[in-house]
Amino acid sequence: MSPAGRFQKKMFKLENISKVYKIGTFGGKELVAVDDVSFDINTGEVIALIGESGSGKTTIGKMILRLIDISSGKILFNGKDISKNKSRELKEYYRNVQGVFQDPFSSINPIFKADRIFETIKVEFYKDVPPFEWNNKINEALLRVGLNPEHILDKYPHQLSGGQLQRFLIARALLLDIDFLVADEIISMLDASTRIDVLNLLADLREAGLSILFITHDLSLGYYISDKTVILYKGRIAEIGKTEKVFNNPLHPYTRMLLESVPQINKRWDQKLVSFKKTTIEPSNGCVYYDRCTHPKKNEQCLDRKPGLLEIEKDHFVNCWHIK
Amino acid sequence: MSLSVENLTVYYQTLQGPVRALENACFSLADGEIMGLAGESGCGKTTLGLSLIYLSERMRYIQGKVVLSGTDIPIWDHTKMDTYRYKYISIIPQYAMSAMNPTRKIGKMVHDLISARCIDFEKIKPEFLRRLGLVKLSEDILSMYPIELSGGMKQRMVMVISSLLNPELLIADEITSALDVSTQKAVAEMLVEFRNRKFLNSMIVITHDISVLYQIADSILVMYAGQLSEKGPKEEIIENPLHPYTKLLISSLPKIGMKINEKRLSGIPGKPPLLLNPPEGCRFRDRCPVGFEKCKEVPPFIRIKDNHYVACWKVSKKDV
């Protein structure tokens, strides 16, 4: 696809989605994991969903994959509400949308050989494909993710390395000719020398037209690969926009703090000590970042009323009262 | 000099034979030095850290000498080591999140731990509370169970417990890996603060994340497949690495401000050898871009210039 033609077509539209969990012994309390999040994902686009633990980034990925229900709001895939998908349509949906998760070893049953996961796909989606053709298809998918089928097939999960397994799982997703991949922290378990290969692989797949939701807590990885960045804090979007704009001109106090805290090998931390954060799960009427905010203009308004996403420049939105 | 390690070799006993996890490690630490120990998973960095304090059942001491502040440490003798553990050499273990006994209140657990070393807990308590305050934990925490604490709080708690008896050497194993970036920064800086306040003399920080080491360490030691590759001041290692493995490793790290369509980074092709029957000579040989015939012999870990040691036949004093 030509660069100009890319990003034209909307693939996913997330409309004000929220996820509320009932907690406490009798489910009397509520925990808002995702609060009123909206963004679009276009064809051939890589979106980095960045946040710390508990920010709701994995929850959003799971809602897109329909692994958990949405409490309110809608997710539209090519204009169709995915929560209405029933058995047949749901299967069709999974033919287009797949996920790969953080720990490859717990994604695969250790009792069976790893390539058993291909067999399940064949039984479910490709019943009519003759075995010979199917084997070719598997080999092709493995080669595409940079694995040598001879070294990989007929092995148990513990005989493969983390990087190999992670690529193996991507190959499984590719067998279905997917349009969209949810990649949830897929490289945080890998070693430095292999993680960049998996990252480059994602970039190559993007070139071939795949859209990716790249969920990570590592800002440098997000910057390396993504077109658009979403910064999440406690279930709400703090800042969203084109990757270059968010990283080169961070506006939300939270994004700034994150960027200052990332350890880098070309920049030393400034000597300003960050204090340990307090974790509260009290529901808040105002800005969720209020407790930790260091903005000089922080005031009553922040505590009482939710700020909304405001477009500061083209393709760059910030969720803060004091950024104009 | 605080710590000196000579020819330390430790294997793991398995049914298939010995796993050569640590081979001829030679290095030293100056007083007050924070040394980062970096490498990929399975390179033997945790084995090196553990062997200085606690040889587990499967670990076999083969040879080597460890001297801490002028005293020989009998690391091969499980019982004799009891005198040194915690008081002189202490460790913040990997997965400190699950390092605390879940069935005991934290205060009670620390009390037991200190009493087991024949020290009166009441005497040490004021200092203990002062240090808790330093890492922003309140006294209430002592009557809580570990499950009531968040990951970052547990990590800080274990840091305080491990360094309570002012050890000569503290080993911190992957302590920032499971934390959020902001907590990671706070914990890492607290380690430096502990050193500056002389809660400990020198420290070995084990991590796979070189960028954290660049922030807090004084020197970095890089390991590959059980062998030491390079040790030097952190600026030297990051900006001017000499060993081919370090060079490739550093260049594969993405930095903020680097996008794939501007600069495509590459990883290191191949994978580390199995340590059950590792190849003779330099173990990086198969993946090394400059490997040659001589690499079938183990290269010595030699000093190239002040405090900069490299184990590679292709690197010599002339190159500097």
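View 1. B:Asp286 lies in the loop between H8 and E11 of chain B, where helices (H or I, at least four residues) and strands (E, at least two) are DSSP runs numbered from the N terminus. This is a predicted model, in which local features need pLDDT of at least 70, side-chain atom pairs count only at pLDDT 80 or more, and totals for chains, interfaces and linings use all residues. Residues are numbered from 1 along each chain as its sequence is written, while chains are lettered from A and ligands numbered from 1 in the order in which they are written. B:Asp286 has 14 other C-beta atoms within 10 Å and is therefore partly exposed; a residue is called buried if 20 or more other C-beta atoms lie within 10 Å of its own, exposed if 12 or fewer, and partly exposed in between, with C-beta atoms placed from the backbone. Leaving aside neighbours within four places in sequence, B:Asp286 is in contact with B:Gly270 and B:Pro273, contact meaning that the C-beta atoms of two residues, placed from the backbone, lie within 7 Å. The C-alpha atoms of B:Asp286 and B:Pro273 are separated by 8.7 Å, and the two residues are 13 residues apart along the chain.

B:Pro278 is also placed in a loop, the one between helix H8 (244-251) and strand E11 (302-305) of chain B, and it counts as partly exposed because it has 17 C-beta neighbours inside 10 Å. Not counting residues up to four places away in sequence, B:Pro278 touches B:Arg20, B:Ala225, B:Gly226, B:Pro273 and B:Arg283. From B:Pro278 to B:Val205, 73 residues apart along the chain, the C-alpha atoms are separated by 26 Å.

**View 2. Helix H5 of chain B and its surroundings.** Helix H5 of chain B (residues 181-196) has 16 residues and reaches 23 Å from its first C-alpha to its last, close to the 22 Å expected at 1.5 Å a residue, the expected span being 1.5 Å times one less than the number of residues. Because 12 of the 16 residues of H5(B) are buried, this helix is largely enclosed by the rest of the structure. Among the buried residues of H5(B) are B:Val181, B:Ala188, B:Leu191 and B:Phe194. Their cover includes H11 of chain A, together with strand E3 (34-38), helix H4 (151-162), strand E7 (169-173), strand E8 (202-207) and helix H6 (210-216) of chain B. Just after H5(B), B:Lys198 takes a positive phi of about 60 degrees.

**View 3. Two nonpolar cores.** The largest nonpolar core has 89 residues, and those with the most contacts inside it are B:Leu37, B:Ile171, B:Ala172, B:Leu191, B:Val205 and B:Leu213; such a core is a set of buried Ala, Val, Leu, Ile, Met, Phe, Trp, Tyr and Cys residues joined through C-beta atoms within 7 Å. Leaving aside neighbours within four places in sequence, B:Ala172 is in contact with B:Ile92, B:Leu191, B:Met203, B:Val205 and B:Ile206.

View 4. An open sheet of 4 strands in chain B has the order E2-E1-E4-E5, with antiparallel pairing, and two strands are said to pair if DSSP finds at least two bridges between them. The edge strands, each pairing on one side only, are strand E2 (17-29) and strand E5 (71-72) of chain B. Strand E1 (residues 3-14) of chain B runs antiparallel to E2(B) and is joined to it by 8 bridges, and E1(B) and E2(B) form a hairpin with 2 residues between them. B:Gln13 stands opposite B:Pro18 in E2(B), and B:Ser4 stands opposite B:Ser28 in E2(B).

**View 5. The contact of chain A with chain B.** The contact takes 35 residues from chain A and 37 residues from chain B. On the side of chain A that touches chain B, the elements giving two or more residues are helix H8 (192-207), helix H9 (219-225) and helix H11 (253-261) of chain A, and the largest share, 7 residues, comes from H8(A).

**View 6. Helix H1 of chain A.** Because 7 of the 8 residues of helix H1 (residues 57-64) of chain A are buried, this helix is largely enclosed by the rest of the structure. H1(A) is followed by A:Arg66, whose phi is positive, near 60 degrees.
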